[in-house]
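Please open the model in your viewer and keep the selection panel at hand. The stops below move from one selection to the next.

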Amino acid sequence: MNTTSLQHLTNVATRQGRVIRRRDFLRNIAAASLAAGSWSWTDAIAASADQMRSQGMACILLWMQGGPSQFETFSPKPNHDNGGETKAIGTSVSGIQIAENLPYCARVMDDLAIVRSMTSKEGNHQRATYLLHHGYLPMGGVNFPSLGSNVAHQIGNAANQLPNFVRIGGRLANSGGGGFLGVDYDPLVLRSANRPPDNTKPLSDSGRYHRRLRLLDSLENTFAVSGGSEIVADHRKLVESASDMIMSPGMDAFDLEKEPASLRESYGQGEFAAGCMMARRLVEQGVTFVEVVSNGWDTHLDGFNRTRELTGQIDQPMAALIGDLKQRGMLDKTLVVWLGEFGRTPKINPRAGRDHFPRAFNAVLAGGGVRGGQVIGATNDAGTKVTERPVLITDFFRSIYHTLNIDPDEENISRVGRPIKLVDGGEVITELFG
Amino acid sequence: MLRVDLFMLLLLLWAPLAKAESPGRLAKRIDQAIQNDVFDEETELAPRTDDYTFVRRAWLDVVGDIPSPEEVTSFVLDPAEDKRETLVARLLADPHFGQNWARYWRDVVFFRAVDERAEIAAGTMETDLTEWLNEGRPWSEIATEFITAHGDVRENGGTAIMMAQDGMTEETTAEVSRIFLGIQIQCAQCHDHPYDRWKREQFHELAAFFPRIAVRPVRDLTSRSFEVIGTDRFGRKPPKNERFPTAEHKMPDLEDPQAPGTQMEPKFFLTSAKVPWGTSDSARRLQLAQWLTENEWFATALVNRMWAELVGEGFYPSVDDIGPDRTTVAPTAVKLLSRKFKESGYDLKWLMKTICQTEAYQRESRPRRETDGTPFVANVPQRLRSDQLYNALLSAFNAPEENPPRGRRPQRPQAAPRGRFAEAFAYDPSINREEAVSSIPQVLALMNSMDVNLLFRGKKGSVLPELIREIKQDEELTTELFLRCLGRVPTSEELEIVKALRQEGMKREVAFEDLAWSLVNSAEFQHRR
């Protein structure tokens, strides 16, 4: 390693206007090289440099679309009829039990904070998905930015050539985007982590490609002055971001083949596992917010079997993600949130499933300075009511922003000039940090 | 007695014809109503759009494609005063009209599918609906097909909504109400509606028209499919863990979901008309179709949706969330147009003719208004739907469609280039259009995908190399490419830009390939102005 390259790294870092302490720098290099295993020292430095650019916080949202059953995940009730056939298992933290469906998560319980007293009134998928992605209910006339877009806007690295908000696992109705913040904060949506973004190689040489881009830009003017001003402005931004992205060395983050086989194995098999691994790679490259979607949790029918299948898909990857982040020294700066739009009814329906139940459900937080190994809130034995420390959606959102060092009372100005707070009301769940 | 019947029959046959007001006259009345409802003396209206913009707009809106340079030129040169309405009438008679709107409705239905396997029914829906639309069948008849259908989903496109909802009673109910009435009564499924008058009972009474349907797999030696069944035989007890048709719908007890729930009477929430328990599946669904298609919200929902698609903004803020508790920006206009649409016998072509003749439709486009701006002062640029954009790409270079979807026996839609294209470009036509924003993957697909770029290299039947060879004059070739891609001639600045490009010294074909690439990648190409 020579001093010139170090100099270069420092320049990169200070250009972003962020102070880097020598201690952090060395720790990051050590962590990266340790974790990298087969990587060369230079690679490790490079990786660490990228990490340096994002000294700020990052967030990974693990989204369970359809509404996961709290009884079959993090809040089993084995001693009540409503708990059904699901048994509870012990975890690495004595006194805390979770559903038997999550043996891997049980082993990383030290890092998890389970909230068992989430409560809301929205039992409709569309509205609840919107609510749990925005912290607001849909309201005519206001195009709210979603959580990921707000985080990217507040603490995203504008100089990053990768988009600051990536959503893995396909389009999801009502999960939102940049809203009135604009296309800059829309997520880059990937259908699958096993398929890196398509069409990232220009089909002409670089000189010609740039000439084409210039020509394109000059031909956008006519539409811009004849009714398409906003559309053209957005389009220009997109063309620029897309070109920046595909020219960026950070594109490697999308290539899971670059991970050592042993690490890939530790995440397990399947779409969600690949998504979690890519999330870590992206955060490592300075991406601020990554959402990984798991579909199919709307288990009205045959709920126990179907939920077991689903937990089988997410348990190992989620635990591996937390372990991996920790090992790389990234967990302190990366908040991981496990969440769905609501929970499921305590009573088991005649089709052996559970229906929508927003009144009492659960969520999990890890990393980002959150104190793990604890359970916040409780429900009664039947699971029908929150009995301790109710957590409203606004409380939950406020806590996420707080963890990421974002002031939840920060106001954005909507397109009609109306100030809109990131979160309207609510209180930070202080126990998270105790 | 016989004479009375004959008289009634004549009256019935005559009624729609007699009452369909001429589109031109009604268009004026609609504009007047909007004027009264919305504008004041200070309102600044965008001017009437020029012929270039109009011909491309009408082509995209009616047949979902862009016009050829010959079409554009002859339309612009045509001195006839009524050429705009003549053009719209001609396009409505083209079979691509049916196909364009069948694809639109296919997306309306399948974007809300609960399971990907429902896609198997998409091709058949497109094929059948194309036919129904081209035949000019009334919207009420088409809705009735969708509400009453049964059979193999690859044989009967009317099964699409039920297939998309996996035959589930409550989900099918919600979609029928959303699509045909524009009313989202499903919010009342679990609790009384927060902002509307609907009660939980009313949702489940509507659901009581659909308890006897189910989707079942069909297997024969060569293929697998699904069928929508509607049954009146409930001999054996429904097996656990399987959705099974039931004789009557029961509203679950929220406190005790394992209880059988309350048996609901099939009752139409907008009029409280009901059929007795025990009514056969076919009779109850037919009865619902009749009541629903007679209702004012049935007409209003379609009118509002078509207006939103054509003018860029609906009378209501949303195309599928209207109803008595929502406010409209132009109450007189929407009422008048809806009433006349009903009187026309729910004639969709008539409705399009009428809207296309309004000044509101024919104005120049302006950016979407802010919430406090005045509606309908201009048309609004619309991002092309995936099929429109794909058609435009092929038409701009005279390229034939490769491996087109084969209707009733569809392959996986992604197997064809059109389907792959849709993976990146399709959006749910029911969402508010400002939310259907463009994205990085779309930009990349147009810039860098092989499917698109082969067109510039003269592969896939593209006419580009031939044009470059045959048209010797640079300015003429530039104009040709602008006409092909954007449906207009280049401005003098644009001619200068191309001239400057030519002076950079690369080969002629390279320069014009780059021009074609840039035109296709422009926001203007991807929108209808």
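Which side chains meet in a salt bridge of 2.8 Å, N to O? Select A:Arg212 and B:Asp514, whose side chains form that pairing, a salt bridge being a side-chain nitrogen of Lys or Arg within 4 Å of a carboxyl oxygen of Asp or Glu. Before going on, note that this is a predicted model, in which local features need pLDDT of at least 70 and side-chain atom pairs count only at pLDDT 80 or more, while totals for chains, interfaces and linings use all residues. Residues are numbered from 1 along each chain as its sequence is written, chains are lettered from A and ligands numbered from 1 in the order in which they are written, and side-chain values use heavy atoms, with hydrogens and water left out.

**The interface**

Next, select the residues of each chain that are in contact with the other (heavy atoms within 4.5 Å): chain A contributes 62 residues and chain B 61 residues. In chain A, the residues that lose the most area to chain B are A:Leu203, A:Arg212 and A:Leu219, together 13% of what that side buries. The two chains bury about 5200 Å² between them, 59% of it on carbon and sulfur atoms; buried area here is the accessible area (1.4 Å probe) that two parts lose on being put together, summed over both.

Between chain A and chain B the count is 5 salt bridges. On the side of chain A that touches chain B, β6 (188–190), α7 (206–219), α8 (221–224) and α9 (229–247) each supply at least two residues, helices being DSSP runs (H or I) of at least four residues and strands (E) of at least two, numbered from the N terminus. Colour α9(A) separately, as this helix gives the most to that side, with 12 residues.

Move to B:Arg484, in helix α22 (residues 474–486) of chain B. B:Arg484 counts as buried because its relative accessibility is 7%, where buried means under 20% relative accessible area, exposed over 50% and partly exposed in between (1.4 Å probe, protein chains only). Leaving aside neighbours within four places in sequence, the residues in contact with B:Arg484 include B:Ile66, B:Pro69, B:Phe397 and B:Leu467.

Finally, select B:Arg154, in the loop between β1 (151–152) and α9 (160–164) of chain B. With 9% relative accessibility, B:Arg154 also counts as buried. Show B:Ile120 as well: B:Arg154 and B:Ile120 lie 34 residues apart in sequence and 7.3 Å apart in space, C-alpha to C-alpha.
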